[in-house]
Amino acid sequence: MKKLLFSVSSRFYCRPPKFPLAQCRLYSDHPHSSLSTRPGPLAYYKSLVNQGKLKHDSYQEKVAFELDNLLGRLDQYERDMEEYHANLSKWYENRENERRRLMLEEAKAKQQGDASLSVKKRRDIFPKWMIRKTDNVEPGVGKWVSYLNREKKLDLLVGERPTAPPAPKGLYIYGNVGSGKTMLMDMFYSATEGIVRHRRRLHFHEAMLQIHDLMHKVWKSQKTEEYLQSSISNWVMNLPFDTKIKEWLVEEERYKQEMSIKNILPAVADKFLADGQGHQRGASVLCFDEIQTVDVFAIVALSGILSRLLSTGTVLVATSNRAPTDLNQDGMQKEIFQELLDRLNEHSDNVLIGSEIDYRRYIGQSSIDQTHYLWPLDSTKTTEYENTWNKILGQSGRRVASQTLPVMFGRSLEVPQSCDGVARFTFEYLCGQPIGAADYIAIAKTYHTIFIADIPVMSMRIRDKARRFITLIDELYNHHCCLYCSAAASIDDLFQGTEEGTLFDLESVQFETETENAKLRRDVLSEGNVSAGGTPSGIISLMSGQEEQFAFQRAVSRLIEMQTPLYLEGVRYIHPYFQKKKTTGSGT
């Protein structure tokens, strides 16, 4: 329950002088400092309970205690990792220098036609084109053997790779919708500022989109000849060897680079937490909200990337509605999923928030402000909706205009009506066409206030639109947008179905997946194609009935919280629109 409890926490409940709101912002990575000025998760949680702004929950307090202990271990770990990365950088530099020295010795021997080299040794060292071809040698074996021999020599000359210091075990927090998982994770994330240099907070939707984008870029770089050629020619072409020897050097260098990027997922993982220059120094923390394994791609991607990050020292704090062992109830890719499970168990402790209370609803009951969610769709509420739109426009004093938003994967989205950080849509425009999380993220980051008109009661007949609506609410909530709605029913009745049938049906098959001519995801990846809405084919995941139920419950819970004064107070401090204005000094 991200914001309600964290809305109820660092976001809105930051007014007391001891915890000023400006110091409790989330999602901002400030320059690294030597000491955090923020309260730890446990102290902050207790302060909110004592102020009457949170209802005490023993499960939440236990998680806050565990997060506090983890935070205490990160300061020393950061220093240990900085020393480790410095040693690792020096080791890489020495190894590369020695590798090139060995390459030059081999090239010189070839140039001089060193007769002392035996035929067998030549077969071990030289690539296939330098020796007599045999029918029983597979293509590439010569380069592979040469590569391995050189790596063994380097191990002896330079020594073993420095060993990373043991990372503190992270936390995998799971429990029911609205139980406070994300709130507590966000408390921890906020407190790591000034302690850990490399930190990221990602929601599942955004993470999957970024993974796909990075995979496509790495894939393309592997396919581009210039990518491999650029760093090679710099030192090979000016060497005092004839053309044939230079060609051999280039081939050996190319093979070495191909080996280093052959596994695409580790290459993607390495880009996840590096800084803008691609450098990694110090510890890293990844806060991952709502881990899911809703399709094969999610399992394969999460297994490869999280395994890489965890094995290289990243500390993971994750939330989910399910325990790790229950993530893959459909039994997809069992071996790969087991690898992911083993990594999670090795590098994180599982902590259950066992409360059955939806705290978003609990706090929402104390709010009587319903002016943001207007229902039903009658003339009175429609007039009230229009008046609210006109009032906000009048406050801005600017003209309404259309705007074209850039979206991931080189796409764009047309926004029909927008003005000074405010945008207006209909339900049909946002959810009735094949667009997805990438589009909703672009909208949520650009506009702090969103108007959505004519939201119908969801039913099986429009369950594809309902699924998009849930994703839309997720992203508006994740970016802390102010939402005005006109809807056919109350929030509680919105997902209850109509006479045409219920929306939630455990025995139904999954949601339809937006496919692209039935191509496999790997084919779409290689071609860089996306669906008409810009969401990569298959990113709109298959969901079982149980996953649908979680999604509907989460959407209801979040919509309730988004109407509370506590949530609405935080928009001006947390939303990226205002953060950007503050950074650029253009006002608040």
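**Backbone and packing chat**

Q: Where is Pro376 found?
A: Pro376 is in the loop between strand S6 (373-374) and helix H14 (379-396). Keep in mind that this is a predicted model.

Q: Is the peptide bond from Trp375 to Pro376 cis or trans?
A: It is cis, with omega near -5°. Most peptide bonds are trans.

Q: Which residue has a positive phi although it is not a glycine?
A: Asp420 is one of them, with phi of about 55°. Asp420 is found in the loop between S8 and strand S9 (422-426).

Q: Where is His480, then?
A: His480 is in the loop between helix H17 (463-478) and strand S11 (482-487).

Q: Buried or exposed, for His480?
A: His480 has 0% relative accessibility, so it counts as buried.

Q: Zooming out. What does the secondary structure of the protein chain come to?
A: The protein chain has 21 helices and eleven strands.

Q: How much of the chain is buried?
A: Of the 588 residues in the protein chain, 54% are buried. The chain exposes about 26,600 Å². Carbon and sulfur atoms supply 50% of that area.

Q: What about contacts by sequence separation?
A: Take the contacts between residues at least 6 apart in sequence. Of these, 82% join residues at least 24 apart.

Q: Helix pairs next. At what angle do H2 and H6 cross?
A: Roughly 125°. H2 covers residues 41-50 and H6 covers residues 181-191, and their axes come within 9 Å. That angle makes H2 oblique to H6.

Q: Left-handed or right-handed, that crossing of H2 and H6?
A: The crossing of H2 and H6 is right-handed.

Q: Which residues make the contact?
A: H2 brings Pro41, Tyr44, Tyr45 and Leu48. H6 brings Met183, Leu184, Met187, Phe188 and Ala191.

Q: How does that contact of H2 with H6 divide by class?
A: Nine nonpolar residues, no polar and no charged.

Q: What about H11 and H12, how do they cross?
A: Helix H11 (residues 296-311) and helix H12 (residues 334-347) cross at roughly 30°. Their axes come within 9 Å. The crossing of H11 with H12 is left-handed.

Q: Which residues meet in H11 and H12?
A: From H11, Ile299, Val300, Leu302, Ser303, Leu306, Ser307, Leu310 and Ser311. From H12, Ile336, Phe337, Glu339, Leu340, Arg343, Leu344 and His347.

Q: Why would residues three or four places apart point the same way?
A: An α-helix has 3.6 residues a turn, so residues at that spacing point the same way.

Q: And the classes in the contact of H11 with H12?
A: Nine nonpolar, four polar and two charged.

Q: New topic. How many residues of H16 are buried?
A: Eight of its ten residues are buried, and helix H16 (residues 437-446) is mostly covered. The buried residues are Ala437, Ala438, Asp439, Tyr440, Ile441, Ala442, Ile443 and Ala444.

Q: And how many of the nine residues of H10 are buried?
A: Seven, in a helix that spans residues 264-272 and is mostly covered. The buried residues of H10 are Ile264, Leu265, Pro266, Ala267, Val268, Ala269 and Phe272.

Q: Back to Ala442. How far apart are Ser412 and Ala442?
A: They are 9.3 Å apart, C-alpha to C-alpha, and 30 residues apart in sequence.

Q: Where is Ser412 found, and what does Ser412 touch?
A: Ser412 is in strand S8 (residues 411-419). Leaving out residues up to four places away in sequence, Ser412 touches Thr404, Leu405, Pro406 and Val407. Ser412 is partly exposed, with a relative accessible area of 45%.

Q: Last one. Is Leu568 buried or exposed?
A: Leu568 has a relative accessible area of 18%, so it is buried. The cut-off for buried is under 20%. Leu568 is in helix H20 (residues 565-574).

Q: How far is Leu568 from His372, by C-alpha atoms?
A: The C-alpha atoms are separated by 9.9 Å, with the two residues 196 residues apart along the chain.

Conventions:
Residues numbered from 1 in each chain as written. Predicted model: local features only at pLDDT ≥ 70, side-chain atom pairs only at ≥ 80, totals over all residues. Heavy atoms only, no water. Axes fitted to C-alpha atoms, helices over the stretch in contact; angles between N-to-C directions. Helix = DSSP H or I, 4+ residues; strand = E, 2+ residues; numbered from the N terminus. Parallel < 35°, antiparallel > 145°, perpendicular 65-115°, else oblique. Left-handed = near helix turned anticlockwise from the far one by under 90°. Contact = heavy atoms within 4.5 Å. Nonpolar A, V, L, I, M, F, W, Y, C, P; charged D, E, K, R; others polar. Buried < 20%, exposed > 50% of the residue type's maximum accessible area, 1.4 Å probe, protein only. Areas by Shrake-Rupley, 256 points an atom, 1.4 Å probe, with all protein chains shown as cover.
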